[in-house]
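Please look through the sequence and the model before reading on.

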Amino acid sequence: MATLRSLFASATLVSFALSGTAALADVTADQVWQDWKAYLTTFGYEVTGDEQQSGNTLAISNIAMTVIVPDTPGFASLRMNRMDLVENGDGTVSVVLPATTPMALVTEVEPGKTATATMEIAQSGLVMTVSGTPEAMQYVYDAEEISLGLSTLDVDGEAVDIGAASVALANVKGSSQSVDAGGIRDVRQKMTAGPVTYELDFTDPTEGGHLAMTGAIAAAAFDGDVSLPPMIDNTDMVASLEAGFRFDSGMTYENASVAYRIEGDGETIEGTSTSAGGGLRSVFGPDGLEYEAEGRDINIAMTGSDLPFPVTFGMARSGFDMKVPVAQGEEVQDFALAVEFGDFTLSDMIWSLFDPAGQLPRDPATIAFDLTGKGRLFVDLMDPEQMEDLGTSGDTPGELESLSLNSLTVAAAGATLTGDGAFTFDNSDLTSFDGVPAPEGAVDLKLVGGNGLLDRLIAMGFVPQDQAMVARMMVGMFAVVGEGEDTLNSKIEVNDQGHVLANGQRLR
């Protein structure tokens, strides 16, 4: 949790320095500067700078923005030699930033060991204009390129060998709007860029391993909405959420690729990965945490000194969707989890390892499920003390009230299993099912091609005849023949008396 907060604090410094805060009427240079400082102070930053007004230009020099990194004795600091805020005479203000801006991050990576990283933010062709009113400012900007590079990294007095660590965004266009609505500042940001390139090349000072990685994204789009209370306490996220803190941010991309090489202990692994597109989205607020990720047309290839041949595989679709509550309460809260690996394919070379005769259908495989439910939390998941106490006591963090399997698909080697169902749970009854809240409900399952797959596995020698007979007997206990060739149906049910039934036959 401390690492996530540290990254959030650092990212806030960078994004604000490049895009500002921020809708349309007159603003002055001083109002822009005061708004900038107020925005960063919300996050606990200390902002200083020497101000000098000359004509229509407010020049701020020796700018320093510093914040304590939560849960560590470290801090992040961004410094600018000078920033000019120029009043254009039409109610707008131009922001003139230096071509390069240094940044430092000092953190405690473990007790008694400090890491110091120095970075540099660079821009070329940046044009930024502020308009609006003091209560509602809008920044509009574009740049030929904006980049962030790691200059040096020192861990406990020992320099880490860094060949490269940088990310560059070309053809940047964006806007940022900030509205102060009675104590809550609502910030909306949008940005497009492309291509986006990144590079990483460093040697582990302890183990001596080496990593080299390069990547590119043809086009990317970012958006975000943030609600900010007057002060955010990075050390007390529960209080910040109660005060109204919330964010909803996302990114989409097209045509991404990465190539890497890892060396260590006399071994080498290298590979490539490509994706036609995808996206990420995260939402965090009083209602909980949501995270979504998806990719399309993914292809991965790798070789290595310990691999007898190149390994290649791909997926037409991949997806992950999670929603969890974070605040304790008496009322039930929603949660969800969905995962998809769609149309997964392996190269013929890998198939030939276990199926050289090609007896198994090599159709793309799919594994996907979608779960939703309701439950209660007894603790605040964002409270470090409560989580530490929970780990020590071993108490239950919450209780499950209901769980629904909205869909299930497992398709591979000519067989397909599908299903859905729902259960409720009686948390007052922990004896009927050996400490688990007593369930009530049912799940319906359908297997197509299962017997055919089993026959092929027997023919290939993977499953002995006697074990196959036992498997068919077990299936016979839980399933009945359905419509269509090689189709089995099964309804697994738990009734209100605690009986477990399979297609109406009692098993427990």
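What follows is a report on charged pairs, aromatic rings, a charged patch and some backbone details.

## About the model

This is a predicted model, in which local features need pLDDT of at least 70 and side-chain atom pairs count only at pLDDT 80 or more, while totals for chains, interfaces and linings use all residues. Residues are numbered from 1 along each chain as its sequence is written, and side-chain values use heavy atoms, with hydrogens and water left out.

## Salt bridges

Side chains of opposite charge can pair when their charged atoms come close. With a salt bridge defined as a side-chain nitrogen of Lys or Arg within 4 Å of a carboxyl oxygen of Asp or Glu, the count comes to 17 salt bridges. One of them joins Glu340 and Arg317, whose closest N and O atoms are 2.9 Å apart. Because Glu340 lies in strand β18 (residues 333-346) and Arg317 in strand β17, this pair ties together parts that are 23 residues apart in sequence; strands (E, at least two residues) and helices (H or I, at least four) are DSSP runs, numbered from the N terminus.

Another salt bridge is formed by the side chains of Asp444 and Lys491, at 3.4 Å from N to O. Asp444 belongs to strand β22 (residues 438-448) and Lys491 to strand β24 (residues 487-494), so the pair ties together parts that are 47 residues apart in sequence. Asp444 counts as partly exposed at 33% relative accessibility, and Lys491 counts as partly exposed at 35%, where buried means under 20% relative accessible area, exposed over 50% and partly exposed in between (1.4 Å probe, protein chains only). Salt bridges also link Asp223, Asp248 and Arg281 in a network.

## Aromatic pairs

Rings of Phe, Tyr and Trp (its six-membered ring) pair if their centres lie within 6.5 Å, and planes under 30 degrees apart count as stacked, over 60 as edge-to-face and the rest as tilted. A search of the whole structure finds six such pairs. Phe245 sits in the loop between α3 and β14 (246-264) and Phe284 in strand β15 (residues 267-285), so parts that are 39 residues apart in sequence are tied together. Phe245 is buried at 2% relative accessibility, and Phe284 is buried with a relative accessible area of 7%.

A tilted pair is formed by Tyr291 and Phe320, with 6.3 Å centre to centre and 55° between the planes. Since Tyr291 lies in strand β16 (residues 288-304) and Phe320 in strand β17 (residues 311-324), the pair ties together parts that are 29 residues apart in sequence. Finally, Phe245, Phe247 and Phe284 form one aromatic cluster.

## Backbone details

Between Gly194 and Pro195 the peptide bond is cis, with omega near 5°, and Pro195 is placed in the loop between β11 (184-193) and β12 (196-203). Ala413 has a positive phi of about 55° although it is not a glycine; Ala413 lies in the loop between β20 (398-412) and β21 (415-426), and it counts as buried at 14% relative accessibility.

Asn503, also a residue other than glycine, has a positive phi near 55°. Asn503 is found in the loop between β25 (500-502) and β26 (505-506).
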